Amino acid sequence: MFRRTVYDREILLLAVPAFGALIAEPLYVLTDRAIVGRLGTPELAGLAIASAILLSAHAILIFLAYGTTGLVGRLVGAGSLRRAAEQGIAGMWLSIALGVVFSLGMWASSGYLVGVFDPTPEVADHALTYLRISLIGFTALLAGMAATGYLRGTQDTVTPLVIAVASAAGNLLIELVLVFELDMGIAGAAWSTVIAQWGAAVAFAVAVHRHVRAVGARLRLVAAAAWRYARVGAQMFVRTASLRGAFVLAAVFAARIGTTEVASHEIGVQIWSFFSLALDAVAIAGQAMVAKELGASRPEVARAASVRMIGMSIQLSAVFGLALVLLRGPLASIFSNDPAVVALSGFILLFVAVAQPVNAAAFAFDGIFIGAGDLGFLARAMAGAAVGFAIVGGAVRILDLGIGWLWTALTLFMFFRAAPQWIRFRGDAWLRTGED
């Protein structure tokens, strides 16, 4: 697990570009926050509300990327390149249909969705402006997700990296012009993201069309390929909703402890999320490699490569954990100049550091089982872990044990998540071979 193997090169060739793409994607939001923050606090608050709504919808539909990688990778491994292309095309058509439906639905209910956050009238106006304009690019965002999943399934993580970096850079340049030169305010920030998303969607469409044409597939929708997403989408929804639900519940518990505690909690979550991006890169390599090897009926290779990916992820997490222990004070001070928040954040980052190896194992297992198509197990395991956290976290809140015990509960949540995954991995039920 912790020694170099013949699989290291292939893992790194997939994981390193995937990491770059994962880092590039959040730059949309970070760029908007940095620029909109200079317009004023009400604008920044409005952006925060609109982003929370958009990111929640994005999380619900993440199966367009992750599910497609597993489905396509298995077909590629089996040598069914035309069926793989048809699966990718089905994902693209589905992303367009869901994009239109979700966009219209969120547009119609935008007033209600923003109102849930109970903002002031000024903040609500800015949130509605950003949300309604951004919805014009939501379909393009989903198409990019589906295309990314297809390309990863074909073992290509470089093309998504190039497109992600180019669109993030384009977003920055366009936003500077629209917001400051043309004085369009928060509307300019939203329009720049829309333009960048549609530009990326066009680039992805060209890349996917090139793949499809090379294997002689058509751009029409194949019903059998589309139906595969019904099961994948439902199982991925349960998994993702359980994961997000646990962290939303943790934020609610933190907010009820106190203002300093919730601010410090948010800093801890942001650092946790950043490190998760790097660990997710190995998980993406797992999705692509495991799907390909099982499709090629090489379960022994899938298991051996998976063992090494788990080891690499844990090794990487150990570096992250040590860095956090040594640099937790300076890191906390980047996010706040309140001495109380900085001190408490430094304490919370110790929990983040301790959790890194467990996180690494859980994320690697996620990628492996997604690649293997073992999504039913992942959905059940994540739901069970979320229930476990709700019980432990609820006890912490009822007994008023403080923020440290809440983060102990979050660390236990990751143990609840990783333990059944490890048990499942040791067996053979997930090593299902063949095209389907």
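Predicted model: local features only at pLDDT ≥ 70, side-chain atom pairs only at ≥ 80, totals over all residues.

The lining of the second largest pocket consists of 11 nonpolar and two polar residues, with no charged residue among them. The volume of this pocket is about 260 Å³.

**Second largest pocket**
- Of the 13 residues lining the second largest pocket, Met92, Ile96, Ala143, Ala201 and Ala205 are the closest to its centre.
- Helices α5, α8 (138-153) and α10 are the elements that each give two or more residues to this lining.
- Helix α10 provides the largest share of the lining, six residues.

**Largest cavity**
- The model has one cavity of 30 Å³ or more.
- The volume of the largest cavity is about 30 Å³.
- Arg82, Glu86, Arg218, Arg220 and Val222 line the largest cavity.
- By class, four of these lining residues are charged and one is nonpolar, while none is polar.

**Nonpolar surface patch**
- A nonpolar patch on the surface is formed by Trp107, Ile136, Val177, Leu182, Met184, Trp191, Ile195 and Trp198, which together have about 730 Å² of accessible area.
- Helix α10, spanning residues 185-214, contributes three residues, the largest share of the nonpolar patch.
- Trp107 belongs to helix α5, which covers residues 81-108.
- The relative accessible area of Trp107 is 44%, so this residue is classed as partly exposed.

Terms used: Residues numbered from 1 in each chain as written. Heavy atoms only, no water. Patch = residues over 30% accessible without salt bridge, like charges linked within 9 Å, V, L, I, M, F, W, Y side chains within 5 Å. Areas by Shrake-Rupley, 256 points an atom, 1.4 Å probe, with all protein chains shown as cover. Salt bridge = Lys/Arg side-chain N within 4 Å of Asp/Glu carboxyl O. Helix = DSSP H or I, 4+ residues; strand = E, 2+ residues; numbered from the N terminus. Buried < 20%, exposed > 50% of the residue type's maximum accessible area, 1.4 Å probe, protein only. 1 Å grid on protein atoms, 1.4 Å probe; cavity = no way out; pocket = protein on both sides within 12 Å on 5 of 7 lines; lining within 4 Å. Points joined across faces, edges and corners; volume = space filled by probe spheres on them. Nonpolar A, V, L, I, M, F, W, Y, C, P; charged D, E, K, R; others polar.
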